[in-house]
Amino acid sequence: MKYLSTLLLLCFAMAVSAQAKYDIKKPFTDEKLAVFEIIVKLFDGMRAGDSAMVHSVFRENPDIFTSSNNAEGKPMLHRGELQKFLTAVGTPHDVAYDEPIWDVKIEIDGNLAMVWAPYAFYAGKNFSHCGVDAFLLNKNEDGWKIFHLTDTRQKEGCNVPESIKKGRDK
């Protein structure tokens, strides 16, 4: 019983910490928190340069896309590959890849979840780009896993919250 109480307290503390870190305005239900923890694990793995941690949040052969504009300003959709993403994360680099998110929206119906979150991407302290991450997750006996990720990317018109910007000055 003591172990269970300690475990529950630890889970609650992690949930509160994750919600504060990612600028979430209201607490999530338990199921939404379980989905959100997968997204947090992805970004923690990116920051740590841990491709195994990042890989653990994805289903096999996920769809990965980026929606942006080409050099002429025309809309384009680029298909990415999980292995290339994992290689980029896991290859040693001098600065941390940090992607803070805010105003996270999570919707769940049965074993399907959708996460929508504006983000800003930083290489170390340097701002690179911003956009929105759109995740689709599926729940099975292994728990929640990402099977689809599409992000948008732009370098201008980013409305990054002051709380996120302030964290870059450290």
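**Burial, backbone and side-chain pairs**

Visitor: What is the relative accessible area of Asp103?

Guide: This is a predicted model, in which local features need pLDDT of at least 70 and side-chain atom pairs count only at pLDDT 80 or more, while totals for chains, interfaces and linings use all residues. Residues are numbered from 1 along each chain as its sequence is written, and side-chain values use heavy atoms, with hydrogens and water left out. Buried means under 20% relative accessible area, exposed over 50%, and partly exposed in between (1.4 Å probe, protein chains only). Asp103 counts as partly exposed because its relative accessible area is 37%.

Visitor: Where is Asp103 found, and what is its phi?

Guide: Helices (H or I, at least four residues) and strands (E, at least two) are DSSP runs, numbered from the N terminus. Asp103 is found in the loop between strand E3 (97–98) and strand E4 (105–109). Its phi is positive although the residue is other than glycine, with a value near 45 degrees.

Visitor: Is Asn61 buried or exposed?

Guide: Asn61 has its place in strand E1 (residues 58–69), and its phi is near 55 degrees, a positive value in a residue other than glycine. Its relative accessibility is 64%, so Asn61 counts as exposed.

Visitor: How many Å separate Leu82 and Asn61, C-alpha to C-alpha?

Guide: Leu82 is found in helix H4 (residues 82–90) and is buried, with a relative accessible area of 12%. Leaving aside neighbours within four places in sequence, Leu82 is in contact (heavy atoms within 4.5 Å) with His55, Phe58, Pro62 and Ile64. Leu82 and Asn61 are 21 residues apart in sequence, and their C-alpha to C-alpha distance is 7.4 Å.

Visitor: Which handedness does the disulfide of Cys130 and Cys158 have?

Guide: A disulfide is a pair of cysteine sulfur atoms within 2.5 Å, and the one joining Cys130 to Cys158 has an S to S distance of 1.9 Å. The pair links distant parts of the chain, 28 residues apart, with Cys130 in strand E6 (residues 126–140) and Cys158 in the loop between strand E7 (143–152) and helix H5 (162–166). Because the torsion about the S-S bond is about -80 degrees, the disulfide is left-handed.

Visitor: Which arrangement do the rings of Phe43 and Phe135 have?

Guide: Rings of Phe, Tyr and Trp (its six-membered ring) pair if their centres lie within 6.5 Å, and planes under 30 degrees apart count as stacked, over 60 as edge-to-face and the rest as tilted. The structure holds three aromatic pairs. With centres 6.4 Å apart and planes at 75 degrees, the pair of Phe43 and Phe135 is therefore edge-to-face.
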